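The stops below go from the interface to a single chain and then to one side-chain pair.

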Number of protein chains: 2
Amino acid sequence: MPQGGVADRANQVSTLRRIGHQRFTSEVVGRLLEAAADEVAGREPDSFEASLVRVTRRDYDDMVKLPAGLVARQAREETISHPIWVEAKRLGDWALFEPRMAVTVELARQTAEALGYQDRPYDALIGLSEPGLTTARMEALFSQLKAEIVPFLGAVAERADRVDDSVLSRPCAAGPQLAFSLEVIQELGYELERGRQDLSAHPFCTAFGPGDVRLTTRTGKTLFDSCVFSSIHESGHGMYYQGVPRALDRTPLWGGASPGVHESQSRLWENLVGRSLPFWRHFMEPMRAHFGSALDGCDAEGFYRAVNRVQPSYSRVDADEVTYNLHVMLRCEIENDLLEGRLAVADVPEVWNAKLQEYLGLAPAPVANGPLQDIHWTFPSLGSFIGYTMGNLISAQLMETVRRDLPDLDARVEAGDFAALLGWLRANVHSHGRKLTPNELVERITGKPIQPGPWVAYVRRKYSELYGID
Amino acid sequence: MPQGGVADRANQVSTLRRIGHQRFTSEVVGRLLEAAADEVAGREPDSFEASLVRVTRRDYDDMVKLPAGLVARQAREETISHPIWVEAKRLGDWALFEPRMAVTVELARQTAEALGYQDRPYDALIGLSEPGLTTARMEALFSQLKAEIVPFLGAVAERADRVDDSVLSRPCAAGPQLAFSLEVIQELGYELERGRQDLSAHPFCTAFGPGDVRLTTRTGKTLFDSCVFSSIHESGHGMYYQGVPRALDRTPLWGGASPGVHESQSRLWENLVGRSLPFWRHFMEPMRAHFGSALDGCDAEGFYRAVNRVQPSYSRVDADEVTYNLHVMLRCEIENDLLEGRLAVADVPEVWNAKLQEYLGLAPAPVANGPLQDIHWTFPSLGSFIGYTMGNLISAQLMETVRRDLPDLDARVEAGDFAALLGWLRANVHSHGRKLTPNELVERITGKPIQPGPWVAYVRRKYSELYGID
């Protein structure tokens, strides 16, 4: 968008958001919901009708608390913040972004106050996207994860030479990256009849509707920053959207259970499948056909080891599985401190660097690769990062049940048969659309609420083996 | 868009269109307009307030006649028709598009009936986009134009060898086309701070708002189908949008007077400026710097002559100035016959070919280059083509006044000074936004209502000289 378009877009988006909000939160809708509740009383809670009323009621009860002016202002400020973030990141200038970050925090506070909360303002924000999640629960999760990961990371660091990823530094052209990644995601089950893959500065998945679920990706110069894993990741989101039953089209039940559950699908395909040895036993030769001599002397096991090298770094999106949650923790803690007034916006870079040192053992980051690296703080609310960690946890918890139901999963993946896994996800996750909350969904599938145990066990097992840790 | 997205987009666009229509045509708006009319009584008709009420009232009186269901269905059917048209064009299969064309005609009839008309249903449709224009006036214009152009075209054909455009068949890479065209349109006055140029299958200009006015263009393989003239054309639309005063932002007065007046701006820059000898005296060397040896042995006069070769062809968008209006005439006559029930949709290709022979002396066209060549019949209304001819006429009529006010225009253009011309257009055309109807605008500027004389005189003069006709 040309620079001059920011004000127009801010006006347009905020007008549309305001009208949509006013229409949904009107008294008419409230009365219709009450009448509908009477009508569905006694129906199966899982039925389309009962779920529709229950979920729409929850949405309504949340949204009706937000003044239309606040919703419109959020849309406006987000649009205004975006190009300033781009520029601040380019210049590495936190001070330039600081006033916009102050707006984000201010509007997040207003949103929390409007939604209401029992204990902590952050409850209102993270509970909105991940229903049932509280700040206390988040902090407990983080402290368990930190207690597990930080020492484990130490053990890995002592054995850093056990995993060689030098093959990833070999150059690799953009064309083969795109061709191979498109081949992979179609084989996994992403449908091009209802999707496409394009290029963008930052990979994302967006659904214009159930028939038009698009992915973007970005190519790099080497195997390390090739688009393969980013494409697999986004296709996980895409397959979730494409898997929601068409009977839920154009209803509030369409879409994913939450950003966290969405992320469980993308992370499951990217990491638990895409960074597994059986996966590369299947895809090594097809990849070689695209990438040619860039893979000379590298076999499936070598490539598997390379793409699983643990290496603390500044970048969340490029982080390995072991360190990824530490990046999320750092952001959530900062957000919560900002919201509860213990941290000033001006001090974010300093606190960022202190946590970077503490959790990841890294020297201070340039702000462009530090607090300005993610787009999320241009959204004038806080609380969106936690979905990434919830996604990691859920993906591992689901995978334990997948392996119980499909004991030959590894053999199937190695044979290039992804249909059983996708079918399982379709039946157990995608089929519910937004009917269930994240915890309801996970408990129904795995018998237990969302918990960190399976993820910790998965990471310890996989990386202990890779790094020869007893 | 993936094929699967058509239904989603049809739903979304029709919902948005319906909501927008319902909001605008609500009784509340009607009452506000009445109150506003009282408030502005006695103000200068040209004042912002009086114009705002007058133009919004006209829009309201038109729109209130259209049932919301019809508006929503138009949006839906347009979305559905588009990919079918693409496919029918690809296959050269009119029968495939026929049911969609039938929908277009049916909805055009419903629209005309809803809007109402005194004499002919087409009046309602062309009057909606070009206020004041009637079918009878259009037919009179066409018959004058036909009487002038067809014999003149005969005289040109007898001297076809006088103009050599062989230079245009030389190959020319896409990169230099885009770089040179971007240089040209910026020099003309198109602002990149509030715009950009991208690639698309069919060139167009779209304004997301006054600060974001975008152009698309398409490159070709030779100088003949290079993007230069298409870029200049679209920049004419773009400069019009960029020239509307910011005081009219977000009001119904923002935008152009009509599609025809819009086209007058694009055609003026493309043809009356861009296909003139002074223009190429200025731009020949800059173009040579981009295109290199492709222009060896060709000077400004040679290039000027080449880009003005008259050659009846199947394609409207590539038509030369002399034959262009015949393409428009053909379509408008067919539309009117369809609307008045004298022509069946199935017979359109046959009638198309008969007119092609009569007006342009051409053998029958393959349907892909015949009735399927334009996108317009996917729009479920008719009456949009006439704007192209109105644009041609208005451009020449305005140019007569420009030349009176700026007698040294040619010298300025040759010196690369386009600011005086753009300033004139800004002051006399763009500054009014939608305040005036096309006829009011043209009469205010030129002292006369829209008429074909200046265009006929311009074409006869220019092409008589080029072809050595006495």
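Buried area is the accessible area (1.4 Å probe) that two parts lose on being put together, summed over both. By that definition, chain A and chain B bury about 1800 Å² between them, with 44% of it on carbon and sulfur atoms. The model is predicted: local features need pLDDT of at least 70 and side-chain atom pairs pLDDT 80 or more, while totals for chains, interfaces and linings use all residues. Residues are numbered from 1 along each chain as its sequence is written, chains are lettered from A in the order in which they are written, and side-chain values use heavy atoms, without hydrogens and water.

**Stop 1: the interface.** Then widen the selection to every contact residue (heavy atoms within 4.5 Å): 26 residues of chain A are in contact with 26 residues of chain B.

Show polar contacts next. These are pairs of N or O atoms within 3.5 Å; within protein, one must be able to donate a hydrogen and the other to accept it, and residues adjacent in sequence count only if both atoms are side-chain atoms. Between chain A and chain B there are 13 residue pairs in polar contact, both residues at pLDDT 80 or more. Salt bridges (a side-chain nitrogen of Lys or Arg within 4 Å of a carboxyl oxygen of Asp or Glu) number zero between chain A and chain B.

Now colour by element, with helices (H or I, at least four residues) and strands (E, at least two) taken as DSSP runs numbered from the N terminus. On the side of chain A that touches chain B, α1 (6-24), β1 (195-199), β2 (205-209) and β3 (212-217) each supply at least two residues. The largest share, eight residues, comes from α1(A).

**Stop 2: the two copies.** Of the contact residues of chain A, 100% recur in chain B.

Stop 3: Chain A has 19 helices and three strands, and its C-alpha atoms fill a box of roughly 65 × 55 × 45 Å along the principal axes.

**Stop 4: one pair.** Select R73(A) and E106(A), whose side chains meet in a salt bridge (3.2 Å, N to O). R73(A) lies in helix α4 (residues 68-91) and E106(A) in helix α5 (residues 94-115), 33 residues apart.
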